[in-house]
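Student: Could we go through this structure together, element by element?
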Amino acid sequence: MPPLVSLWMVGAVVSYYFVVNFSNSVHDKWLLDSAVSLAQEVQVRAGRVSADLPPAVLRMFEYDALDQIYYRVSDDEGRIVAGQRDLTSPVTVGKRPVFYDDVIDGIPVRAVALRVEGNGGNALVQVAETLIKRRTLTSEILAAMLLPQLLLIVSVGFLVWYGVGRGLKPLKSVGREILQRSHRDLAPLAEDRVPREVVPIVHALNDLFLRLDRALIGQDRFIADAAHQLRTPLAGLKTQAELAMREDNPAAMRAALDRVGAAIDRSIHMVNQLLALARADHSHEVPVPNAAIDLSELARRATEEWVGKAIDANLDLGFEEANEPVMASGNAELLVELLDNLIDNALRYTDAGSGITVRVRRLHDGRPFFEVEDNGPGIALSERHRVFERFYRPAGSPGDGSGLGLAIVREIAALHGAEVELGDNGSGRGTRIRIIFPAPPAA
């Protein structure tokens, strides 16, 4: 309603000026006709102005139902030949009539001045009238124009109020349905019971419900995974601690405490991986900020963090980078997490004295990649499609892994639209895991 009323007010102002100009134009023509009729009775002979005004002409000027009429006939010297003295003369009057506004006895009037040329001189004929007819015509036209528009706006306002209220009843019903739901009920809303204009909102709500449902499923899965995977290590940790407390021999007690420390390390590692997996799951619902990343620089720094552990495990950890920066779009924190899991897996499953290589390159089609290659026992072809499952470890696997490392790698790679390739190191043994990123856009 405020925009409609504002438009009506603007229209009223514009209409007022148009109607005033129209009314003035019409009455100015009548006023000019009166002046011409008066000028026909004026004669100029030998420089002398005379006006022989018949009674009929005088009655025409002196009688009007609404307005007061004034007239005056004067010569070049300003001497009044006939009419009222109250009329003032315009500054100059040429061959064309001159219309002007004046005030007589404090009353505004509209006047016209007309020059009559004659023998040896000129006469000036002036006719003026008050503004009652003009204002009356203006008011009548404005009322005829604006009142129907105002009634139309009021009618439209009522129809809009009624129509919107009726049309949004289904949306209010949807709101009540949502308020009455349990926080666990994320079933989609029916889209066929709402107005067509509201369908996009309901569709967006259903999409939100779907994402919330996925987030809750991921949360429940994380809680279940954490409870399942931590129960056994914590029970073993408690048993080892009880055995250490029963030992009287310092050497045996120290050995038991060493086992306790190893169990704590395994538990910490599992908790960290569970948190990393939960963070990767959450990133599917809340997009992570991406930026241009130099994969060579990122992989070098990540590899340097693992050199100490590689030396402790008697493993040769190397890094090979390209001759030029290898750029990709991604989240540096998550990509470091991905690399950490690949290197940690290689360290855990590679025999002492072997080598591990972290490599950054480009494929022939320009797609950047990095890979981690080891000389360990490798992964059998029959197991390769399952090793990315959560908590899955092939039978007979060495080490004390949790089965979460490659699941984390797959989740983070999926967030970046990257491919994960699993193969051997080219010699028929070992493992090579390659992460291939989409080609960066042309500069």
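Tutor: What follows concerns a predicted model, taken up through a helix, a sheet and some loop residues.

Student: How does the span of helix α1 compare with what its 38 residues should give?
Tutor: At 1.5 Å a residue, helix α1 (residues 2-39) should span 56 Å, and its end C-alpha atoms lie 55 Å apart, which agrees.

Student: Which residues of α1 are buried?
Tutor: Among them are Ala-12, Ser-15, Val-19, Ser-23 and His-27, and also Asp-28 and Leu-31. Residues three or four places apart in an α-helix point the same way, because there are 3.6 residues a turn.

Student: On to the sheet: what is the order of its 5 strands?
Tutor: The order is β9-β11-β12-β14-β13, in an open sheet with mixed pairing. Strands β9 (316-320) and β13 (419-423) form the edges, each pairing on one side only. From one strand to the next, the twist averages 15°.

Student: Which helix packs on that sheet?
Tutor: Helix α9 (residues 332-349) does, touching β11 (355-362), β12 and β14. The direction of α9 makes about 20° with that of β12.

Student: And how many bridges join β12 to β14?
Tutor: There are 6 bridges between β12 (residues 368-374) and β14 (residues 431-436), and the two strands run antiparallel. Asp-374 has Thr-431 in β14 as its bridge partner.

Student: Changing topic, where does Asp-105 lie?
Tutor: Asp-105 is in the loop between β5 (98-104) and β6 (107-118). Its phi is positive, near 55°, in a residue other than glycine.

Student: Is Asp-105 buried or exposed?
Tutor: Asp-105 counts as exposed because its relative accessibility is 66%, and the cut-off for exposed is over 50%.

Student: What is the phi of Asn-314?
Tutor: Asn-314 has a positive phi of about 60°, although it is not a glycine. Asn-314 is found in the loop between α8 (307-312) and β9.

Terms used:
Residues are numbered from 1 along each chain as its sequence is written. This is a predicted model: local features need pLDDT of at least 70, side-chain atom pairs count only at pLDDT 80 or more; totals for chains, interfaces and linings use all residues. Side-chain values use heavy atoms; hydrogens and water are left out. Helices (H or I, at least four residues) and strands (E, at least two) are DSSP runs, numbered from the N terminus. The expected span of a helix is 1.5 Å times one less than its number of residues. Buried means under 20% relative accessible area, exposed over 50%, partly exposed in between (1.4 Å probe, protein chains only). Two strands pair if DSSP finds at least two bridges between them. Axes are lines fitted to C-alpha atoms, for helices over the stretch in contact, and angles run from 0 to 180 degrees between N-to-C directions. Contact means heavy atoms within 4.5 Å.
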